[in-house]
Amino acid sequence: MKWKPLVVAALLTVAVAYYIYQPLPDAIEKPWKLMMLDATFRTMMHLGFLKEWLDLGHCISSVKSSLESFEGFMTVDSRGGVIPGVKFTDTTFAGVPVRVYEPPAGGEGHLRRGLMYLHGGGWAFGSGKFGTYDSISSMVSDELNCVVVSVDYRLYPEVHFPEPFLDCLAAAKHFLSPEVLARYAIDPERVAVSGDSAGGNLAAAVAQEISIDDGVPVKFSVQALIYPVLQALDFNTPSFVQNQNMAVLPRHTMVRFWLQYLNADLSLLPQFIANNHSSSLHSAFTTELRSRLDWTVLLPPKFKKNHTPLVVEKKGSPEILKRVPGLLDRRAAPLLAEAAAIAKCPRAYIMTCEYDVLRDDGLMYAQRLRDAGVSVSVEHLEDGFHGCFGFIAWPLDFDVGKRAVRAYISWLQSNL
């Protein structure tokens, strides 16, 4: 009978390994570390769903608490400690909570750079005050002699679109006011807006809105977007298909984030994954509108490979725009903006990752900006995956993450 505990232990080990293991591309560095990370996130979500089923609170609120505890282990910069001299202040801009990072004293009489950062997290998670967001903002402030404003916009489930966008826009207008720029000794010709993932979405949308608003005298001179999410009409682009089961951000999770953000019924998820929601039955999805996210035209050949567009002709729901009006709102989906608005945008830096469902969103937006006459630099990480920009500190340190942050700061150094 002594063998029974060994059998049970062996079965549990196999079960855990099966839960953790998932095939990853050969180019991924430290695959088991990424698998463990992904399994941790999935476990948080599963526990959150269980708590919601037991009427113990909203699943997203539960996951937020777990993530904040998890991120507490990583509140150090990639060089191993707090950056001397960089000070931060928690305050509000137009009623929106922000953390302001100011570089070490020195160089009095000279204006400094300014940068507004909008964190990622699917419009549901994250805060600029925790984890590597805090660390990277400190690094940017220190290395670029830059005042960084990290915005804590409101999140799901408390709010939906357009509230997060409106929070960021209000904070941006406050930041760009001559009085605030003067208070922080910021050069009005050297102010950037930046963000990653859902924050990249908000940064692109805010950059567009500020660019076309004649009531805002100071404009952003740069937009720096890290694997931004930019459209919700086509979830079968080559990158969505190639990376549909990729760790950290599989396709079904990204679609769920969109449904939550747009305050849509989560039961629509299968329809969205199948592109039923963007069926050509909908007269609003005109040929001209479709051209704004036509990856067969906008993507470089190397990313098209042997993929073919998925256009559903007969299964769409004519009521979808009434149920989810934000689908065609450029404030939610900046890739859908008209060419005239895009032409007024500031020069751009767009980082994309090969193993990311959002890769093609960023690449298509880069091409639309170029077509409109805007200068664009694309940083494509061949071994990158979604979220890697934030994985620079132990225990979630990846070389590709450190390279991503270094490339981002270097570009800002030369272009802001």
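How many of the residues of helix α9 are buried? Keep that in mind while we take in the whole chain, which is a predicted model.

The chain has 416 residues, and 56% of them are buried. Its secondary structure comprises 17 helices and 8 strands.

Now back to helix α9, which spans residues 251-261. The helix is mostly covered, with 9 of its 11 residues buried. After α9 comes N263, a residue with a positive phi near 55°.

Next, let us turn to helix packing. Two packed helices are described by the angle between their axes and the distance between the axes. Take helix α5 (residues 163-176) and helix α7 (residues 198-212): their axes lie 10 Å apart, and the packing angle is about 55°. That angle makes α5 oblique to α7, and their crossing is right-handed. On the α5 side, the contact is made by P164, F165, C168, L169, A172, K173 and L176. Facing them from α7 are L202, A205, V206, E209 and I210. Sorted by class, this contact has 10 nonpolar and 2 charged residues, with no polar ones.

A second pair to view is helix α4 (residues 131-144) with helix α17 (residues 399-415). Here the axes come within 11 Å and cross at roughly 35°, and this crossing, too, is right-handed. From α4, the residues I136, M139, V140, E143 and L144 take part. They meet V405, R406, Y408, I409, L412 and Q413 of α17. The contact of α4 with α17 holds 8 nonpolar, 1 polar and 2 charged residues.

From helices we move to a strand. Strand β4 covers residues 146-151 and includes S150. With a relative accessible area of 2%, S150 is buried. What surrounds S150, once its neighbours within four places in sequence are left aside? The contacts of S150 are P97, V98, R99, Y101, Y117, G128 and S137.

C146 has 0% relative accessibility and so counts as buried. The structure holds 0 disulfides. C353 is in no disulfide, and the nearest cysteine sulfur, belonging to C388, is 3.8 Å away. Like C146, C353 is buried, with a relative accessible area of 0%.

Our last stop is a loop. L111 sits in the loop between β2 (96-102) and β3 (112-118). Is L111 buried or partly exposed? Its relative accessible area is 48%, so L111 is partly exposed. Leaving out residues up to four places away in sequence, L111 touches A185, I186, D187 and P188. L111 and E189 are 78 residues apart in sequence, yet their C-alpha atoms are 10.0 Å apart in space.

Terms used. Residues are numbered from 1 along each chain as its sequence is written. This is a predicted model: local features need pLDDT of at least 70, side-chain atom pairs count only at pLDDT 80 or more; totals for chains, interfaces and linings use all residues. Side-chain values use heavy atoms; hydrogens and water are left out. Axes are lines fitted to C-alpha atoms, for helices over the stretch in contact, and angles run from 0 to 180 degrees between N-to-C directions. Helices (H or I, at least four residues) and strands (E, at least two) are DSSP runs, numbered from the N terminus. Angles under 35 degrees count as roughly parallel, over 145 as roughly antiparallel, 65 to 115 as roughly perpendicular and the rest as oblique. A crossing is left-handed if the near helix is turned anticlockwise from the far one by less than a right angle, and right-handed if clockwise. Contact means heavy atoms within 4.5 Å. Ala, Val, Leu, Ile, Met, Phe, Trp, Tyr, Cys and Pro count as nonpolar, Asp, Glu, Lys and Arg as charged, and the others, Gly among them, as polar. A disulfide is a pair of cysteine sulfur atoms within 2.5 Å. Buried means under 20% relative accessible area, exposed over 50%, partly exposed in between (1.4 Å probe, protein chains only).
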